[in-house]
Amino acid sequence: MGSGASKNTEEEEDDGSNGSGGRGGGQLYVSLKMENSKAQGELTPHIYGSVPLIGSWDPSKALPLLRESASISELSFVVPPDHEALDFKFLLKPKYRDTPCIVEEGENRLLTGGSLRGDARVALFKLEGDVVLEFRVFVNADRVSPFDLAASWRAYRENFQPSTVRGIPDVSINADSAALEVLCPSESLELDLEHYEVPAPAPSAHSSLVYAADNAENPRSLSASGSFVNDSTPKAALDSPKDSGGSADGSRSAKEMKVIVPNSSDTSSGVLSPFQQKDGQRGLFVDRGVGSPRLAKSVSASSFSVDLKLDAQTKNSMPAAAGAVAAGAVADQLLGPKEDRHLAIVLVGLPARGKTFTAAKLTRYLRWLGHDTKHFNVGKYRRLKHGVNVAADFFRADNPEGVEARTEVAALAMEDMIGWMQDGGQVGIFDATNSTRVRRNMLMKMAEGKCKIIFLETLCNDERIIERNIRLKIQQSPDYAEGTDFEAGVRDFRDRLANYEKVYEPVEEGSYIKMIDMVSGNGGQIQVNNISGYLPGRIVFFLVNTHLTPRPILLTRHGESMDNVRGRTGGDSVISESGKIYAKKLANFVEKRLKNEKAASIWTSTLQRTVLTAGSIVGFPKVQWRALDEINSGVCDGMTYEEIKKIMPEEFESRRKDKLRYRYPRGESYLDVIQRLEPVIIELERQKAPVVVIAHQAVLRALYAYFADRPLKEIPQIEMPLHTIIEIQMGVSGVQEKRYKLMD
């Protein structure tokens, strides 16, 4: 919508000269629309022309049309009934490329009295290769009073204030030059938020923008050509190189183990104190950070330092984590049975119940915490071995060939998962229907003595959700990618579902978690049986708080602070003048983006630069989280990196070598930040309304890594620019991202 300036004096308001009964009966509310169902997404319609509509024939200052639907774009503005002729043309601007704009063919358009002169119902654009793109043009003009306009906050904010994107008002209403200088705040925004959208980074290998099962692990017996190795191939030839185990980022070096439990009998690793030798007390080593000493505590409070080589058992069971995550792993390592060091979460449920979505989400959460986790999808194994064009009869219980083939790929996936665990993996997510006791008994027998199995059963009785999932499955699953008849795919999937329903047996054996009608976010229940241990407990807590309700989460750094200007770390400084402008632009953005979201909330840290940035946002509750405070730089707080390099060269070098695990003296590491952010992640998962998180660079890197499923090792290098909003859209189709840059 266009905007304008209004300087209504007290006398004008008293005599009603701007009302519907005076001078021409109010104002004209004009709507210009362009429609093309085949328009390319990278070309956005704009308009430019003379005063008072645009005020410039420079294409760079053209005004974008707001997208009303997939095929229609609109520009609305207000003018007096006796306005001078508006001289303008339409043009198409490339959204992300620096290529020239495409101006419509023909004469300039003239708008007089709310009507276009001549035959102006079509706009033609010549593209490369003499391709002509045609838009239909619609014009509608309604007479309204200024009081009707003022009744709407949107009209008031956008039509009675000038736009600074172009430097002048879109359309002036009783404005003079003096008023324009006062009413042109530098923090105002165009109504079309897409004007500020910038390309998001390339998706990671585990992007949620693709079918979740495609991100699961490939079979170890898969050859380079994409086919399975012959079953007669020796097992040694089927094993993949042992580079898939270890930490969440794929590396398994000893330096990445956060917790070390040494063998006290190995005297070559170090020298025990007399007290420890006497008591036979085994020292428990916890990595305090790359730049800090490693300490060992005993009952006598004596300490010593050693350089240990990890044995395979310790190495395979320890996460690249810190704090409670590491402490829980130590407890399970010391006190639990051998097989409990490896955990298999085995999904159970009928098709279209959200198993794969739940498996992918749980995998992402555990990886983010530092647990080496992989997702094994039996459907992917089946497609690779038997192809995607499998009819519903393949899934019948009375089809012996189908039963044998499905059992074979399930056993193969289970063997791969157990083999990966023995090579160093910690948590395997086994994603399949596993709908009969016979199948589950086979899996438990294969896992006996090797890993602990917890069944995770997803039950849904909401026909509306099931129908949505079925249709989403047809749209996304490779099983139906080659089909051209959508409804035929739906019928085939329903037949497949009916085959499973005939033989389905709910879980009643072993350790299990049942999620009953949990995906809707409207209650439901969760049942647990024989669940114990730190990690299983965290998994239950996570699942209790997750749902599929679509909602956006907006992440942004605070406005530029004075310490940003000075190049100093940490601190609690106020925001700069540039930061103040961003705070007002952010408030304007939130008001537009969340105008219909009454339950939205604003989260900040306790540091004043985030609180001040949120200060201009009104109409939403604000919550301060200490967990969102910037990474604690300890004794380096307030120093520049040049000062740290000069005064503390060893610390500077340690941080440069491993920013993820480096801990500032008396401060924190990135792994520490991840640990304290877990409650924030759980609450973000639990929220059903939009949340705006205004925080700091290190904190937002860690939060963004969770949603984008980025490896731990990449977190310290994730770009998190100032004055940019990252919108994370959460819902049934996974996680999608948009970015808006409000200012440089």
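This is a predicted model: local features need pLDDT of at least 70, side-chain atom pairs count only at pLDDT 80 or more; totals for chains, interfaces and linings use all residues.
## Nonpolar surface patch

Val 122, Leu 124 and Val 132 together make a nonpolar surface patch of about 210 Å². Val 132 belongs to strand 11, which covers residues 132-144. With a relative accessible area of 46%, Val 132 is partly exposed, because the exposed class requires a value over 50%.

## Salt bridges

Side chains of opposite charge can pair when their charged atoms come close. In this model the count of salt bridges comes to 30. One of them joins the side chains of Arg 440 and Glu 509, with an N to O distance of 2.6 Å. This pair links distant parts of the chain, as the partners are 69 residues apart. Arg 440 sits in helix 12 (residues 437-447), while Glu 509 sits in the loop between helix 14 (486-503) and strand 20 (511-516). Both Arg 440 and Glu 509 are buried.

Two further pairs lie within single helices. Glu 577 and Lys 580 meet in a salt bridge of 3.2 Å, N to O. Both residues are in helix 17 (residues 577-593), and because they are 3 residues apart there, about one helical turn separates them. Glu 577 is exposed at 56% relative accessible area, and Lys 580 is partly exposed at 40%. The side chains of Arg 656 and Glu 653 form a salt bridge at 2.4 Å, N to O. These two residues lie in helix 20 (residues 649-657), again 3 residues apart, or about one turn of the helix. Arg 656 counts as exposed at 53% relative accessibility, and Glu 653 counts as partly exposed at 29%.

## Contacts of Leu 459

Leu 459 is in strand 19, residues 452-459. Its relative accessibility is 25%, so Leu 459 counts as partly exposed. Apart from neighbours within four places in sequence, Leu 459 is in contact with Tyr 504, Met 515, Ile 516 and Asp 517. The C-alpha atom of Leu 459 is separated by 8.2 Å from that of Met 518, a residue 59 positions away along the chain.

Ile 681 is part of helix 21, which spans residues 670-686. Its relative accessibility is 0%, so Ile 681 counts as buried. For Tyr 706, the separation from Ile 681 is 25 residues in sequence and 8.3 Å in space, C-alpha to C-alpha.

## Positive phi angles

Asn 530 is a residue other than glycine with a positive phi, near 60°. Asn 530 lies in the loop between strand 21 (525-529) and helix 15 (534-544). A relative accessible area of 56% makes Asn 530 exposed.

Asp 709, also not glycine, has a positive phi near 55°. The loop that holds Asp 709 runs between helix 22 (697-708) and strand 26 (724-731). Asp 709 has a relative accessible area of 9% and is therefore buried, since buried means under 20%.

Methods: Residues are numbered from 1 along each chain as its sequence is written. Side-chain values use heavy atoms; hydrogens and water are left out. Patches are made of residues with over 30% relative accessible area and no salt bridge: like charges are joined within 9 Å, nonpolar side chains (Val, Leu, Ile, Met, Phe, Trp, Tyr) within 5 Å. Accessible areas come from the Shrake-Rupley method with a 1.4 Å probe; for residues, only the protein chains shown count as cover. A salt bridge is a side-chain nitrogen of Lys or Arg within 4 Å of a carboxyl oxygen of Asp or Glu. Helices (H or I, at least four residues) and strands (E, at least two) are DSSP runs, numbered from the N terminus. Buried means under 20% relative accessible area, exposed over 50%, partly exposed in between (1.4 Å probe, protein chains only). Contact means heavy atoms within 4.5 Å.
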